[in-house]
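Colleague: Hi! I'd like to go through this one with you, strand by strand and helix by helix. Here it is.

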Amino acid sequence: MKRKLTALLIILCMVLTLLCGCAPEAPDGSGETVSITDCAGRTVEVPKDPRSICCICPFSGAMIVMFGFGDRLTTSCNNMVRSRLLTNICPAIADTVVVKNSGSVNAETVLEKKTDLIFVNDGTYETDDERAKLDALGIPYVVVGFTDLAGQMEAMMVIGRALGAEDKAQSYVDWCRGVYADVQEKLEGADTASVRLYHAVNEATRTDYRGSICAEWIAMTGVTNVSLDGELSMENDKAYVSLEQVYSWAPQMMICNEPGVDEYIMSDGKWAGLECVLSGRVYQMPVGISRMGHPTSTETPLALIWLANLLCPELYPVDYPQVLKDYYRDFYGYELDDETVQAIISAEDMRAEKTNSSVE
């Protein structure tokens with residue numbers, strides 16, 4: 001009850017502030033807007049040339065930088081500033097004020113920064129108190145969310161439309177589709193179905209479930225993703241499994257998207273009897289701007305290229321370091337040095353430590 005009362009008081013204060021004439025003005029004073037439909041199906045009038053952007057959605061943050069609007073970001077979320085590569089590509093991110101860590105959005109700071117456009121993830125929008133807070137701000141906001149790769153690519157288009165960068169968004173979506181098609185074509189007929197693979201998502205006992213984005217892109221390689229038909233414990237959109245269940249699947253290969261999980265599995269005696277551990281086939285996935293292939297990653301095609309080459313180097317031969325250099329040059333205008341390339345591949349020190357500090 002106390003929490004709801006506090007939220008209502010905050011919202012009331014915002015409304016009074018807006019009624020007193022402190023609502024943000026159009027960025028160029030013209031009031032010119034563009035109508036778009038966001039991922040929640042809402043029709044939103046967004047400023048044609050936003051000058052102060054708030055991004056509380058890491059997926060959107062990478063796209064905003066890719067489309068050339070990184071220097072317009074004034075407020076952000078913790079997961080954006082944790083990405084060492086993203087902040088190297090766009091140093092302006094380090095100067096943004098974090099208004100969302102893992103809890104509530106600091107609406108007061110969003111107002112103070114004269115924000116004229118907000119990008120928010122669907123999880124925040126679907127929280128009643130947070131949605132009410134966003135509505136009370138009086139600032140146009142775009143909801144970004146998806147549950148599959150088709151939805152993810154549409155979300156990229158939504159962000160592009162909101163920023164007047166639809167051509168850049170379409171170019172990136174076309175590249176993604178091209179990678180997905182190329183991998184499936186080249187691995188067609190390969191005996192990858194005989195490979196039993198386990199995917200550790202963030203932690204050793206969190207994994208894929210049928211219908212998840214991770215399951216979708218991994219399926220393009222044709223491997224048998226062992227967790228899809230197993231006994232899982234679901235917590236919202238996260239699937240967990242017991243170590244006993246992993247042993248029953250007897251995976252021959254394991255990929256881990258969180259740095260350090262591969263080392264833990266290879267060194268902890270409880271996992272020592274697994275075939276993949278005995279054969280040394282436990283692999284750390286690359287980490288770039290995001291943990292590649294993660295459900296909210298913008299770099300899923302790079303994860304697919306990496307896995308296809310790992311499984312079938314003779315059918316899908318690539319110079320992966322060069323793939324990375326081409327990718328960041330072509331889409332971000334950023335030249336990777338060899339040291340950074342190796343850091344991405346090893347996932348070493350690519351994300352700053354997670355903190356529980358409060359937002360400003």
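Colleague: Before we go on, where do the numbers come from?

Modeller: This is a predicted model, so local features need pLDDT of at least 70 and side-chain atom pairs count only at pLDDT 80 or more, while totals for chains, interfaces and linings use all residues. Residues are numbered from 1 along each chain as its sequence is written, and side-chain values use heavy atoms, with hydrogens and water left out.

Colleague: Thanks! What is the strand order in the five-stranded open sheet?

Modeller: The order is β5-β4-β3-β6-β7, and the pairing is parallel. β5 (97–100) and β7 (141–144) are at the edges with a single partner strand each, so one side of each has no neighbour in the sheet. From one strand to the next, the twist averages 20°. Helix α8 (residues 149–162) packs on this sheet, where it touches β6 (117–121) and β7. The direction of α8 makes about 165° with that of β7. Axes are lines fitted to C-alpha atoms, for helices over the stretch in contact, and angles run from 0 to 180 degrees between N-to-C directions.

Colleague: And S76, is that buried or exposed?

Modeller: S76 is buried, at 0% relative accessibility. Buried means under 20% relative accessible area, exposed means over 50%, and partly exposed is in between (1.4 Å probe, protein chains only). S76 is found in β4 (residues 73–77).

Colleague: What does S76 touch?

Modeller: Leaving out residues up to four places away in sequence, S76 touches C55, I56, V81, T96, V97, V98, V99 and K100. A contact here means heavy atoms within 4.5 Å. The side chains of S76 and T96 are also joined by a polar contact of 2.7 Å. A polar contact is a pair of N or O atoms within 3.5 Å; within protein, one must be able to donate a hydrogen and the other to accept it, and residues adjacent in sequence count only if both atoms are side-chain atoms.

Colleague: Switching to helices: which residues of α16 are buried?

Modeller: In α16 (residues 338–346) they are V341, A343 and I344. They cover an arc of only 160° around the axis, which puts them on the same side of α16. That arc is taken from the directions from the helix axis to the C-beta atoms. On the other side of α16, D338 and E339 are exposed.

Colleague: What covers the buried side?

Modeller: The cover includes α4 (84–89) and α15 (320–332). After α16 comes A347, with a positive phi near 65°.

Colleague: How many residues of α2 are buried?

Modeller: Eight of the nine residues of α2 (residues 58–66) are buried, so α2 is largely enclosed by the rest of the structure. Among them are F59, M63 and V65. Just after α2, G68 takes a positive phi of about 95°.

Colleague: Last one: how do β1 and β2 run?

Modeller: Antiparallel, with five bridges joining β1 (residues 33–37) to β2 (residues 43–47). I36 stands opposite V44 in β2. The two strands form a hairpin with five residues between them, and G41 in the turn has a positive phi of about 80°.

Note on methods:
Helices (H or I, at least four residues) and strands (E, at least two) are DSSP runs, numbered from the N terminus. Two strands pair if DSSP finds at least two bridges between them.
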